[in-house]
Amino acid sequence: MDQLTALVNEILGPIGVDPITPAMINNYVKRKAIMAPVKKKYQTMQIADVILISLLKPAFSLETIRHAIDQVTATIYPQQAYDTFIKRLMFSFKNINNRNSQALEEKNLNDKLMQVAVNVIIDRLQSEALLKIVAKPLTKIDK
């Protein structure tokens, strides 16, 4: 458990994600957001799940995150889904530096801040709507 928290906090700390604690991980296991460890050992996908939960929990409930992970990995191998997510995240981090330098050049940072806040709301609503759409079972017409 200590190794898991140290690893996740070491990975996510530099990007400003709140640190995880053993109590949080125990809660994730209890609420079935991650699988219980086998003989107190966590596997790669459990570690990946903890990282994803840590990244997404400021915006989504634990149940929504678990549902989204299950939905995506139902059609894509979990390792591939995780790698794709991380590649997209890294690409966005690279682009954020350009956006931040442009924002500092703008005269009204308050307008930029409001736009970013609006984007957060819209992105969350869109992701929840997409999750509902992909969670619906296929009908004969969809096939």
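On the face of H1 turned away from its buried side sit the exposed residues Asp2, Gln3 and Glu10. The model is a predicted one, and what follows should be read as computed from it.

Helix H1 covers residues 2-12, and its buried residues are Leu4, Thr5, Val8 and Leu12. Viewed down the axis of H1, these buried residues fall within an arc of 95°, so they line one face of the helix.

Helix H3 spans residues 44-56 and includes Ser54. Is Ser54 buried or exposed? Its relative accessibility is 1%, and because buried means under 20%, Ser54 counts as buried. Which residues does Ser54 touch, leaving aside those up to four places away in sequence? They are Val8, Leu12, Val17 and Ile20; Val8 and Leu12 are among the buried residues of H1. The side chain of Ser54 also has a polar atom 2.8 Å from the backbone oxygen of Val50.

The loop between H1 and H2 holds Ile15. With a relative accessible area of 38%, Ile15 is partly exposed. Together with Met90, Phe93 and Ile96, Ile15 makes a nonpolar surface patch of about 310 Å².

Notes
Residues are numbered from 1 along each chain as its sequence is written. This is a predicted model: local features need pLDDT of at least 70, side-chain atom pairs count only at pLDDT 80 or more; totals for chains, interfaces and linings use all residues. Side-chain values use heavy atoms; hydrogens and water are left out. Helices (H or I, at least four residues) and strands (E, at least two) are DSSP runs, numbered from the N terminus. Buried means under 20% relative accessible area, exposed over 50%, partly exposed in between (1.4 Å probe, protein chains only). A polar contact is a pair of N or O atoms within 3.5 Å; within protein, one must be able to donate a hydrogen and the other to accept it, and residues adjacent in sequence count only if both atoms are side-chain atoms. Contact means heavy atoms within 4.5 Å. The arc is that of the directions from the helix axis to the C-beta atoms. Patches are made of residues with over 30% relative accessible area and no salt bridge: like charges are joined within 9 Å, nonpolar side chains (Val, Leu, Ile, Met, Phe, Trp, Tyr) within 5 Å. Accessible areas come from the Shrake-Rupley method with a 1.4 Å probe; for residues, only the protein chains shown count as cover. A salt bridge is a side-chain nitrogen of Lys or Arg within 4 Å of a carboxyl oxygen of Asp or Glu.
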